[in-house]
Amino acid sequence: LFTACNSEDYSDGNNNYSSNNPSPTSSKFDYSITIDNPDTTIKKISESMPVQIDFKSKNNKTVHYIQIRIYNKSNNSEIYKKPNDNHIDDGSGSYTFNDNIVLSTNNGFSSSSTFVLEAKVWSPDKEEKEVVKTVEFKVN
């Protein structure tokens, strides 16, 4: 399945850029990330942990690509990476990712360890910088 991005995100359709329609080198998307869950409180092994992350374009432009991953802080081993298809292409300018993860050894979690959830959002424009936000949490 191929999803095309909306051309309005880059120009007026005729490649004419102006102050009302900035060039791709300006921060046109102005992405932000809010990690609602998880928070920094200590978690217990075998409990279920909600994941809720809000991705927004402050300019109401398309949220193109996102990625959420969790890794062990001490050895950088990645234990979670979603979504399977990073190309969200949500034209509303806002996208909320939700999941529920069981903090079990089968899922790569271990007690007495610190983990990092990293959320990223980016556009297809190579001039735009990706936005990254992290939160650390401990599992006991």
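## Phe29, Tyr31 and the aromatic pairs

Phe29 and Tyr31 are both buried (under 20% relative accessible area; over 50% is exposed, in between is partly exposed; 1.4 Å probe, protein chains only). This is a predicted model: local features need pLDDT of at least 70, side-chain atom pairs count only at pLDDT 80 or more, and totals for chains, interfaces and linings use all residues. Residues are numbered from 1 along each chain as its sequence is written, and side-chain values use heavy atoms, without hydrogens and water.

The whole structure holds four aromatic pairs (rings of Phe, Tyr and Trp, the last by its six-membered ring, with centres within 6.5 Å). Phe29 and Tyr31 form a stacked one, 5.4 Å centre to centre with 20° between the planes. Planes under 30 degrees apart count as stacked, over 60 as edge-to-face, the rest as tilted. Phe109, Phe115 and Phe137 make up one aromatic cluster.

## Fold

The protein chain has eight strands and zero helices. Both are DSSP runs numbered from the N terminus: H or I of at least four residues for helices, E of at least two for strands. Along the sequence the pattern reads β-β-β-β-β-β-β-β.

Buried residues account for 38% of the 140 residues in the protein chain. The accessible surface is about 7,900 Å², 42% of it from carbon and sulfur atoms (Shrake-Rupley method, 1.4 Å probe; for residues, only the protein chains shown count as cover). Take the contacts between residues at least 6 apart in sequence: 67% join residues at least 24 apart. A contact means heavy atoms within 4.5 Å.

## Nonpolar core

The largest nonpolar core has 24 residues (buried Ala, Val, Leu, Ile, Met, Phe, Trp, Tyr and Cys joined through side-chain atoms within 4.5 Å). Ile53, Phe55, Ile68, Ile70, Phe109, Leu117 and Phe137 touch the most other members. At least two core residues come from each of β1 (31-37), β2 (48-57), β3 (63-72), β6 (94-102), β7 (113-122) and β8 (131-139).

Beyond its neighbours within four places in sequence, Leu117 contacts Ile35, Pro38, Val51, Ile53, Ile68, Arg69, Ile70, Lys133, Thr134, Val135 and Phe137.

## The β3-β4 hairpin

β3 and β4 (residues 78-82) run antiparallel and are joined by four bridges. Strands pair if DSSP finds at least two bridges between them. The two strands form a hairpin with five residues between them. In the turn, Asn76 has a positive phi of about 60°. Tyr71 stands opposite Glu78 of β4.

## Salt bridges

There are six salt bridges (a side-chain nitrogen of Lys or Arg within 4 Å of a carboxyl oxygen of Asp or Glu). Asp39 and Lys43 meet at 2.8 Å, N to O. Asp39 is partly exposed, at 34% relative accessible area, whereas Lys43 is buried, at 6%.

Arg69 meets Glu78 at 3.0 Å, N to O. Glu78 is partly exposed, at 39%. Lys120 bridges to Glu130, with the closest N and O atoms 3.8 Å apart. Lys120 lies in β7 and Glu130 in the loop between β7 and β8, so this pair ties together parts ten residues apart in sequence. Lys120 is buried, at 19%, while Glu130 is partly exposed, at 41%. Shared partners join Arg69, Glu78, Glu118, Lys120 and Glu130 into one salt-bridge network.
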